[in-house]
Amino acid sequence: MSQDSQPATALRMIDIHKSYGSLNVIKGVSLEAKDGDVISILGSSGSGKSTLLRCINLLENPSKGEIYLGDEKLELVPSKSGELQAKSRKQLENMRSRIGFVFQNFNLWPHRTVLENITEAPIQVLKQSKDEAVGQAKLILEQVGLVDKIDAYPSHLSGGQQQRIAIARALAMDPQLLLFDEPTSALDPELVNEVLAVMRDLASQGRTMLIVTHEMRFARDVSSQVVFLHEGHIEEQGTPEKLFENPSSARVKAFMSSHQ
Ligand code: ADP
Ligand code: MG
């Protein structure tokens, strides 16, 4: 890459719509992330943040729109119900393997150790050898500060530790894109910062991330771009300076002043 070339596109969503029956939840959202972007998605409860995130890897099927991961278009075809579904299961699985998803409730496998949680997908999906996967897991555990928990079961960890393991599990796939849906909302307040610290670290390493969060200070510090969703459309989008300090939308202004 020459010095003056632009970062490549990591993700592009074009005119995404999603409805549940007659309820239109996402009403034509287009969003692009460049490599290294950290995009925070803000908005009131019910504005469609989770649904939008889940449409990216078809945890929810959009009713309309286009999705690209890098240059690769996810091939979609209408199903009987009218929703779009992946044309090729194989392509969907491949794209999912390149997108890490961190949920509010950690979603670790309870009957597997930390090490097994982290190495399962690299071994099964990426066909890494066990030695290779274990070696890599140890490095990632160092990064999230939990090497000493390698043989622990999730139920023996705090919520903050479980979420750091969930992040480690996502990192083990070396994803092109990391999606976070309110990763600290289920945590006791004193455990929030240890998770945010790991995420700050990832942002500073240039990881491309889309983050739904209510942690305003964090969003302001780490984001390259902030998107404010309201009733399924983008109310305002811009730099953190713009949205936090001088939003054009009165709705965004009211939200910001009630959340910080
Ligand atoms: P947010 O994450 O911003 O709180 P969601 O994406 O979860 O918002 O929800 C957006 C809207 O879609 C809400 O009105 C919610 O009730 C509705 N919704 C979400 N999931 C479903 C579902 N599986 N079935 C029907 N309605 C849903
Ligand atoms: Mg949500």
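Author: The expected span of a helix is 1.5 Å times one less than its number of residues, and helices are DSSP runs of H or I with at least four residues, strands runs of E with at least two, numbered from the N terminus. This is a predicted model, in which local features need pLDDT of at least 70 and side-chain atom pairs pLDDT 80 or more, while totals for chains, interfaces and linings use all residues. Residues are numbered from 1 along each chain, ligands are numbered from 1 in the order written, and side-chain values use heavy atoms, without hydrogens and water.

Reader: How do you know that the length of helix H6 agrees with its number of residues?

Author: Helix H6 (residues 189-204) has 16 residues and should therefore span 22 Å; its end C-alpha atoms lie 24 Å apart, which agrees.

Reader: What makes residues of H6 buried, and where on the helix do they fall?

Author: Buried means under 20% relative accessible area, and exposed over 50% (1.4 Å probe, protein chains only). Among the buried residues of H6 are Leu 191, Val 195 and Met 199. The buried residues fall within an arc of 155° seen down the axis, so they line one face of H6; the arc is taken from the directions from the helix axis to the C-beta atoms. The face turned away carries exposed Glu 190, Asn 193 and Ser 204.

Reader: Why is the pair between Ser 50 and ligand 1 called a polar contact?

Author: A polar contact is a pair of N or O atoms within 3.5 Å. A polar side-chain atom of Ser 50 lies 2.9 Å from an oxygen atom of ligand 1, and for the side chain of Thr 51 the distance is 2.5 Å.

Key. A polar contact is a pair of N or O atoms within 3.5 Å; within protein, one must be able to donate a hydrogen and the other to accept it, and residues adjacent in sequence count only if both atoms are side-chain atoms.
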